[in-house]
Amino acid sequence: MKKNILDFNYEELVNKFKSLGLEKYRVDQVLDWIYKKKVFDFKDMTNLSKEHRRILDENFEIQIPKLVDMQISKIDRTTKFLWELADGNTIESVALFHEGRVTACISTQVGCPVKCSFCATGQSGYVRNLTAGEIVSQILGIEVHRKIRVGNVVYMGMGEPLLNYENTIKSVKMLNNKKMFGIGIRRITISTVGVPEKIIDLAESGLDVKLALSLHATTNFKRDQIIPLNKQYSIEELIFAVKKYQEITNNRVTIEYILIKEFNDYPEDAEKLAELLKGLSVFVNLIPVNPVNPNYYRPSRWAMERFKEILTKYGIECEIRAEKGTDIDAACGQLRRRNLK
């Protein structure tokens, strides 16, 4: 049975090629074709002999996800992709355009088991983890279909990355490998709702990626209502894990905080958030809730600015996130959920 070559990291490929009688430098040649030249058929890799191409074709395949739908914002070029995987499941990715760089937002699971009440992905159910190859192939697809070069990656798409820890970490190393994507490690961010033991594992891994914690509430009572996983991992456990993470890595952590009108946008919520984050090196992203759940509304601009002012008063660096792709289904899970209906 053929293996997806994208599931192999560099060291694994070297060993596999050796077992097939192929020299180590052939790995570099193949990776150059795939990751740099975007050639996904071994028959077209012309600096390899016909015999070598035959061996590769008999043992491997290059599984690039099939594009099902692509929406491009007329406002800021934000592009939403719906991909079909080899087994027929679908996932989403987003390309975000900034001045001088492109950021890819990628998925780590088909659906999501966390089931946050404000998120379209969780409402469409959970199927399975993605392999490392399925994770990185999203970037290959983005680069091919939009004819761009991705320079930054955020694991903020469908799924909880730390519940697919091994494949997430493997994919990060592949993104960072110069023979593959060559994306700087500090240009890669893993976003998590919070799995404390995995946050500490990440710190101890020595992998110097950025970390973002999706907090979204300041009391367990409120967080339980919007993030069911909080019943397993309390806010106190998460903050403790972030403190341990910073002790080990000395890296600043981004705190994601979705603002929901008359739920978690009160001045006392801002005061409590400042108290929770006291002593930590953080940057807080304030995010108006996406129109996914009909029971949740966005606060007024005045209320969001008030929240920001309170955090700033306590010396916490924060910003109200500039929205992108507002004219398309850019919120994670929206496009897939519509396609499933």
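Student: What do E3 and E4 form, and which residue in the turn has a positive phi?
Tutor: E3 and E4 form a hairpin with 6 residues between them, and Arg77 in the turn has a positive phi of about 70°. Before going on: this is a predicted model, where local features need pLDDT of at least 70, side-chain atom pairs count only at pLDDT 80 or more, and totals for chains, interfaces and linings use all residues. Residues are numbered from 1 along each chain as its sequence is written, and side-chain values use heavy atoms, with hydrogens and water left out.

Student: Why is Arg77 called partly exposed?
Tutor: Buried means under 20% relative accessible area, exposed means over 50%, and partly exposed lies in between (1.4 Å probe, protein chains only). Arg77 has 47% relative accessibility, so it counts as partly exposed. Arg77 sits in the loop between E3 and E4, and its positive phi occurs in a residue other than glycine.

Student: Which other residue has a positive phi although it is not a glycine?
Tutor: Lys115 does, with a phi of about 60°. Lys115 lies in the loop between strand E7 (109-111) and helix H4 (120-123).

Student: Is Thr78 buried or exposed?
Tutor: Thr78 has a relative accessible area of 0%, so it is buried. Thr78 is in the loop between E3 and E4. Contact means heavy atoms within 4.5 Å. Not counting residues up to four places away in sequence, Thr78 touches several residues, including Gln71, Val94, Phe97 and Ile328.

Student: What makes the link between Thr78 and Asp76 a polar contact?
Tutor: A polar contact is a pair of N or O atoms within 3.5 Å; within protein, one must be able to donate a hydrogen and the other to accept it, and residues adjacent in sequence count only if both atoms are side-chain atoms. The side chains of Thr78 and Asp76 make such a contact at 2.7 Å, so the distance is within the limit.

Student: Why does Ile34 count as buried?
Tutor: Ile34 has 0% relative accessibility, so it counts as buried. Ile34 is in helix H2 (residues 24-36). Leaving aside neighbours within four places in sequence, its contacts include Ile5, Phe40, Met45 and Leu140.

Student: Why is Glu268 called exposed?
Tutor: Glu268 has a relative accessible area of 52%, so it is exposed. Glu268 belongs to helix H10 (residues 267-276). The C-alpha atoms of Glu268 and Thr218, 50 residues apart along the chain, are separated by 9.4 Å.

Student: How do you know that E9 pairs with E6 and E10?
Tutor: E6 (residues 101-105) and E9 are parallel over 3 bridges, and 3 bridges also join E9 to E10 (residues 188-192), which run parallel. Thr103 is opposite Asn152 in E9, while Tyr155 has Ile190 in E10 as its bridge partner. In E9 (residues 152-155), Asn152 and Val154 point one way and Val153 and Tyr155 the other way, and all are buried.

Student: How many disulfides does the structure hold?
Tutor: A disulfide is a pair of cysteine sulfur atoms within 2.5 Å, and the structure holds 0. Cys119 is partly exposed at 21%, whereas Cys318 is buried at 8%.

Student: What makes the radius of gyration agree with a compact globule?
Tutor: The radius is taken over C-alpha atoms, and the globule rule is 2.2 Å times the number of residues to the power 0.38. For 341 residues a compact globule would be near 20 Å, and the protein has 21 Å, so the value agrees. Of the 341 residues, 56% count as buried.

Key: Helix = DSSP H or I, 4+ residues; strand = E, 2+ residues; numbered from the N terminus. Pairing = 2+ DSSP bridges.
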